[in-house]
Amino acid sequence: MLLSNIYLKEILRQAIRNAIGGKPRKILTTLKPTATTEEILVTLDSNFGDIKSGESLMEEYYKAKQEKDEDISAWGIRLEELLQKAIDRGEIKEYRKEKMLKTRF
C-alpha cells in the first residue's frame with residue numbers, strides 16, 4: 001500500500017496506529033507522535049520480526065516435512081513463506097523460487 005501511493009501517507013500512518021493493540025501498541029508509545037509510517041514499521045519489525053538468518057531459513061526449508069494433520073496446500077504455503085523470507089534476506093534470488101517449489105513437490 002505504501003508503494004502504490006494510492007493512499008496519503010498520513011492516512012496509512014493513522015490506520016496502522018489504530019489497528020495495533022496490546023504489546024505492539026505499547027511499543028508504539030515510545031515513538032514520537034509525528035513518526036512516519038516507515039519508522040513505525042521498522043520499529044515493529046525490529047521488535048516482532050523474524051530474526052532467523054537466510055541460511056537458517058533455507059535449512060528449515062530443506063528439512064521441512066508435511067505434518068500429519070497438515071494438508072498439502074498448507075504445507076506448500078509454509079514452504080513458500082520460508083522461501084519468501086529467504087528472498088527478503090537476500091539468501092536466494094526471486095527467480096529461483098518457482099523452480100525450487102516445483103522441485104520440492
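Me: What makes Tyr61 count as buried or exposed?
Reply: This is a predicted model. Tyr61 has 1% relative accessibility, and buried means under 20%, so Tyr61 counts as buried.

Me: Which label does Tyr62 get, and why?
Reply: The relative accessible area of Tyr62 is 52%. Exposed means over 50%, so Tyr62 is exposed.

Me: Why do Tyr61 and Tyr62 form an aromatic pair, and what kind is it?
Reply: A pair of aromatic rings is described by the distance of the centres and the angle of the planes. The count comes to one aromatic pair. The rings of Tyr61 and Tyr62 are 5.1 Å apart, centre to centre, and the limit for pairing is 6.5 Å. Their planes are 75 degrees apart; over 60 counts as edge-to-face, so this pair is edge-to-face.

Me: Why is α4 called roughly antiparallel to α5?
Reply: Helix α4 (residues 54-63) packs against helix α5 (residues 72-88) at an angle of about 160 degrees, and their axes are 9 Å apart. Angles over 145 count as roughly antiparallel, so α4 is roughly antiparallel to α5. The crossing of these helices is left-handed.

Me: Which residues meet where α4 and α5 touch?
Reply: From α4 they are Leu57, Met58, Glu60 and Tyr61; from α5 they are Leu79, Leu82, Leu83, Lys85 and Ala86. Seven of the residues in this contact are nonpolar, none polar and two charged.

Key
Residues numbered from 1 in each chain as written. Predicted model: local features only at pLDDT ≥ 70, side-chain atom pairs only at ≥ 80, totals over all residues. Heavy atoms only, no water. Axes fitted to C-alpha atoms, helices over the stretch in contact; angles between N-to-C directions. Helix = DSSP H or I, 4+ residues; strand = E, 2+ residues; numbered from the N terminus. Parallel < 35°, antiparallel > 145°, perpendicular 65-115°, else oblique. Left-handed = near helix turned anticlockwise from the far one by under 90°. Contact = heavy atoms within 4.5 Å. Nonpolar A, V, L, I, M, F, W, Y, C, P; charged D, E, K, R; others polar. Phe/Tyr/Trp six-rings, centres within 6.5 Å; stacked < 30°, edge-to-face > 60°. Buried < 20%, exposed > 50% of the residue type's maximum accessible area, 1.4 Å probe, protein only.
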